[in-house]
Amino acid sequence: MHQLILLLHVLSATVWTGGHLVLAFSVLPKALAARDPGVLSGFESAYERVGMPALLIQVISGAWLAYSLLPDVSSWFTFDAFPGKLITFKLLLLAMTSMTALDTRLRIIPRLSPATLPAMARRIRLVTLLSVLFVVVGVSFRGGLLA
Ligand code: HEM
């Protein structure tokens with residue numbers, strides 16, 4: 001069972017992080033050069049169908065994996081010892097991703113225009129960086145950079 005959940009977790013990580021890297025390094029520069037928010041909207045409407053389910057699968061499978069590693073849920077919220085500190089990192093990244101996504105949806109997307117494109121670009125770069133950090137923290141469970 002653990003292997004199956006881990007496979008789902010990694011598969012949706014490729015969708016979430018991979019999609020954001022394509023957005024940040026390929027689609028966003030085109031939109032900025034053309035000063036055309038439509039380039040972003042086209043990508044977002046296609047990506048949203050797989051990106052949002054992928055993030056939901058990340059959260060559910062991540063919670064399952066965290067519980068199987070560390071059934072004491074209270075230690076998920078302290079930067080104490082391994083592997084609890086990595087779970088705390090993941091939850092922190094999740095909170096930052098959710099806050100940025102909410103801010104973008106409520107404040108930027110409703111008035112997306114060539115003038116607000118740089119603000120949108122900053123948020124895309126931030127969520128992409130957070131998505132890469134999710135992977136860095138994830139692989140550290142097996143003894144990586146942060147273990
Ligand atoms: C977009 C969000 C996320 C991405 C991209 C992501 C990515 C990854 C990756 C690449 C691994 C490494 C798997 C391996 O080395 O075999 C991993 C492991 C893990 N992730 Fe995530 N993750 C995300 C969200 C979460 C969340 C929200 C949690 C819940 C706290 C979580 C908990 C875990 C756990 C516990 C492991 C270790 C599993 C194990 O080795 O047994 N992840 N993650």
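User: Is R105 buried, exposed or partly exposed?

Analyst: Buried means under 20% relative accessible area, exposed over 50%, and partly exposed in between (1.4 Å probe, protein chains only). R105, at 46% relative accessibility, counts as partly exposed. This is a predicted model, in which local features need pLDDT of at least 70, side-chain atom pairs count only at pLDDT 80 or more, and totals for chains, interfaces and linings use all residues. Residues are numbered from 1 along each chain as its sequence is written, and side-chain values use heavy atoms, leaving out hydrogens and water.

User: With which residue does R105 form a salt bridge?

Analyst: A salt bridge is a side-chain nitrogen of Lys or Arg within 4 Å of a carboxyl oxygen of Asp or Glu. R105 forms one with E48, the closest N and O atoms being 2.5 Å apart. The pair links distant parts of the chain, with R105 in helix 3 (residues 84-108) and E48 in helix 2, 57 residues apart. Helices here are DSSP runs (H or I, at least four residues), numbered from the N terminus. E48 is partly exposed, at 35% relative accessible area.

User: Which residues are linked in a network of salt bridges?

Analyst: The network links D103, R107 and R123. D103 pairs with R107 at 2.6 Å between the closest N and O atoms, and with R123 at 2.7 Å, N to O. R123 lies in helix 4 and D103 in helix 3, so this pair ties together parts that are 20 residues apart in sequence. R123 counts as buried, at 15% relative accessibility, whereas R107 is partly exposed at 44%.

Definitions and conventions
Helices (H or I, at least four residues) and strands (E, at least two) are DSSP runs, numbered from the N terminus.
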